[in-house]
Every structure is written in structure tokens, then in C-alpha cells.
Amino acid sequence: GGSGNGDVNTGVNSYTNNSVGVQETKKFTKAAALNNQLATKQYTKNSLGLSKEATAGLMGNILSESSFNAGSSAVDNNGAVAKGLIAWNRASYGNVWDQIPTDAQGQIEFLFTSKRKNGSSLTGGVDKWLAEAKANPTGTKTTSTDSELQSAIASGLTGAAYFAFAFAYFVERCCGCIKVQQYLDPSGTKCHGKGPYKPRKHREGFALDFYKRLNDPNDQLYWG
């Protein structure tokens with residue numbers, strides 16, 4: 001995650017079909033996942049002013065990368081350790097990697113506020129994703145000149161599904177996320193001699209599920 005080196009779940013080994021979307025373990029529980037999801041929603045809504053669609057797209061990626069476990073850690077396909085909510089890859093982030101906070105609230109703030117010396121976001125793509133999220137809050141059209149975003153809209157990706165792709169494309173750079181044609185391919189994409197990876201299956205599915213939850217007044221994630 002965050003490096004284009006793969007599309008692996010670095011939080012737990014498998015998913016269970018429950019309201020939170022993660023497997024319960026002794027080290028990481030559904031309650032902990034929900035708390036981290038709430039922290040993410042509060043930050044995107046109150047601090048960034050993002051839409052439900054953009055928030056759900058982001059959250060779908062986080063669930064795919066780490067199951068919302070801020071303490072997740074795994075060796076990525078390039079041999080480097082990837083950790084945290086979006087699976088920051090040590091090889092991609094260098095010395096900054098050691099500065100990543102250990103808690104979810106801190107990591108979300110770090111993702112959107114940490115800057116390089118030139119003023120751009122750490123991935124560069126975060127700035128682009130944020131700009132798109134603010135210019136196109138419902139994810140139904142784009143004024144971007146980026147051909148992949150244009151193709152995503154033309155291919156029928158809208159709302160939370162659109163922002164799930166956009167975050168994977170701009171920030172995660174995962175296998176099968178660099179080109180919308182690959183992302184939409186149901187047969188998947190092979191990378192690093194492994195695969196095929198099917199990043200859309202989880203990221204979009206999770207994003208759409210989060211969007212439903214954000215609209216459900218009986219869910220703790222309700223947008224309000």
C-alpha cells in the first residue's frame with residue numbers, strides 16, 4: 001500500500017461478514033475498528049469538509065489495506081515493511097516512515113497534513129485526491145484533465161466507488177490501480193510475478209458498504 005507494490009490486506013488474514021467488516025482477533029477487535037472508523041469520519045467531515053462519497057471511498061481503501069488497524073504491519077511485495085491504516089511502505093517514505101503516529105487519529109492527520117519540503121503532500125497524490133474530492137464532491141463528474149479520472153467517470157464509476165478508485169490510483173498506487181482499465185478488469189492484474197490482484201473487488205465493495213452506513217441513522221457511523 002502507498003507504494004504500488006501490491007494489494008494485500010495487512011491487518012488480518014481474512015474478512016468476516018459482519019457490520020464492521022473485519023475479523024475479530026485478540027489483538028484487534030471490532031470495537032477498535034469502529035473507533036478508528038469514527039475517528040476517520042470525524043476528521044474528513046469536520047476538518048477537511050469532505051463529502052460522504054469521498055469519505056466512503058477513503059474508508060474502503062483503508063479497510064482493504066489494514067482492516068482499520070493502525071497497528072498493522074506486514075512485509076510488502078518489495079520486501080519492505082508496510083504499516084498503519086494505509087500500509088505506508090518504508091521504502092516509499094524513507095525517514096518520514098519513523099514519524100508515522102501509532103494511533104488512528106494521528107495517522108489520518110498525518111496522511112493529510114504532513115508535507116514534503118516542496119510543500120506537496122507526502123505521496124503527492126493526496127493533494128490531487130483532495131482537490132478532486134472538493135471539486136467533485138458527489139463523484140458524478142470531473143473537471144480534471146487526468147485521463148484516468150475521465151475514463152473512470154466514462155466507465156460508470158460514480159460516488160463512493162469513484163473515490164475508492166481515485167484514492168487507490170493517486171495514493172495507494174497498488175497493483176491493478178494505476179490504470180482504470182486494469183482496475184475494472186474482472187480477471188485481475190498480475191504484478192511482481194504474483195496475482196492476479198483484483199483491487200476493485202474489495203475497495204469498491206467496502207466503499208459502497210461504508211456509504212450505506214454513513215446514510216443509516218441507526219448506524220454509529222451515521223453522517224448526521
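Good morning. I begin with Ser 67, which sits in the loop between α2 and β1 (73-75). The model I am presenting is a predicted one. In this model the phi of Ser 67 is positive, about 60°, although the residue is not a glycine. With a relative accessibility of 0%, Ser 67 counts as buried. Phe 68 is found in the loop between α2 and β1 as well. Phe 68 also has a positive phi, near 65°, and is not a glycine either. Its relative accessible area is 0%, so Phe 68 is buried. As background, most residues other than glycine have a negative phi, and most peptide bonds are trans.

The peptide bond that runs from Gly 195 to Pro 196 is cis, and its omega is near 5°. Pro 196 belongs to strand β5, residues 194-197.

The protein chain contains nine helices and five strands. Read from the N terminus, the order of elements is α-α-β-β-β-α-α-α-α-α-α-β-β-α. The chain has 224 residues, and 51% of them count as buried. If we take the contacts between residues at least 6 apart in sequence, 56% join residues at least 24 apart.

I turn next to the packing of helices. In general, two packed helices are described by the angle between their axes and the distance between the axes. How do α2 and α7 pack? Their axes are 7 Å apart, and the angle is about 55°. That angle makes α2 oblique to α7. The crossing in which α2 passes α7 is right-handed. On the α2 side, the contact is made by Glu 53, Ala 54, Ala 56, Gly 57, Leu 58, Asn 61 and Glu 65. On the α7 side, the residues are Gly 159, Ala 160, Phe 163, Ala 164, Phe 167, Ala 168 and Glu 172.

Helix α7 also takes part in the surroundings of α4, which covers residues 104-113. Is α4 mostly covered or mostly exposed? Helix α4 is mostly covered, for seven of its ten residues are buried. The buried residues are Ala 104, Gly 106, Gln 107, Ile 108, Phe 110, Leu 111 and Phe 112. They pack against α1 (30-47), α2, β3 (88-89), α5 (125-135) and α7. At the start of α4, a side-chain oxygen of Asp 103 comes to within 3.5 Å of the backbone nitrogen of Gln 105.

We come to the charged pairs. How many salt bridges are counted here? The count comes to five salt bridges, and I shall describe some of them.

One of them involves Glu 65, a residue already named in the contact between α2 and α7. Glu 65 forms a salt bridge with Arg 203, and their closest N and O atoms are 2.7 Å apart. This pair links distant parts of the chain, with Glu 65 in helix α2 (residues 52-66) and Arg 203 in helix α9, 138 residues apart. Both partners, Glu 65 and Arg 203, are buried.

Another salt bridge joins the side chains of Lys 179 and Glu 148, at 3.7 Å from N to O. Lys 179 lies in the loop between α7 (159-172) and α8 (180-184), while Glu 148 lies in helix α6 (residues 147-154), so the pair ties together parts that are 31 residues apart in sequence. Are these two partners buried or exposed? Lys 179 has a relative accessibility of 44% and therefore counts as partly exposed. Glu 148, at 10% relative accessibility, counts as buried.

Arg 90 and Asp 98 also meet through their side chains in a salt bridge, at 3.3 Å from N to O. Arg 90 is at 40% relative accessibility and so counts as partly exposed.

Why does Asp 219 count as buried? The relative accessibility of Asp 219 is 16%, and buried means under 20%. A polar atom of the Asp 219 side chain lies 2.8 Å from the backbone nitrogen of Leu 221.

To close, I return to two points. Ser 67 and Phe 68 are residues other than glycine with positive phi values. Thank you for your attention.

Methods
Residues numbered from 1 in each chain as written. Predicted model: local features only at pLDDT ≥ 70, side-chain atom pairs only at ≥ 80, totals over all residues. Heavy atoms only, no water. Buried < 20%, exposed > 50% of the residue type's maximum accessible area, 1.4 Å probe, protein only. Polar contact = N/O pair within 3.5 Å; in protein donor to acceptor, adjacent residues only side chain to side chain. Salt bridge = Lys/Arg side-chain N within 4 Å of Asp/Glu carboxyl O. Helix = DSSP H or I, 4+ residues; strand = E, 2+ residues; numbered from the N terminus. Axes fitted to C-alpha atoms, helices over the stretch in contact; angles between N-to-C directions. Parallel < 35°, antiparallel > 145°, perpendicular 65-115°, else oblique. Left-handed = near helix turned anticlockwise from the far one by under 90°. Contact = heavy atoms within 4.5 Å.
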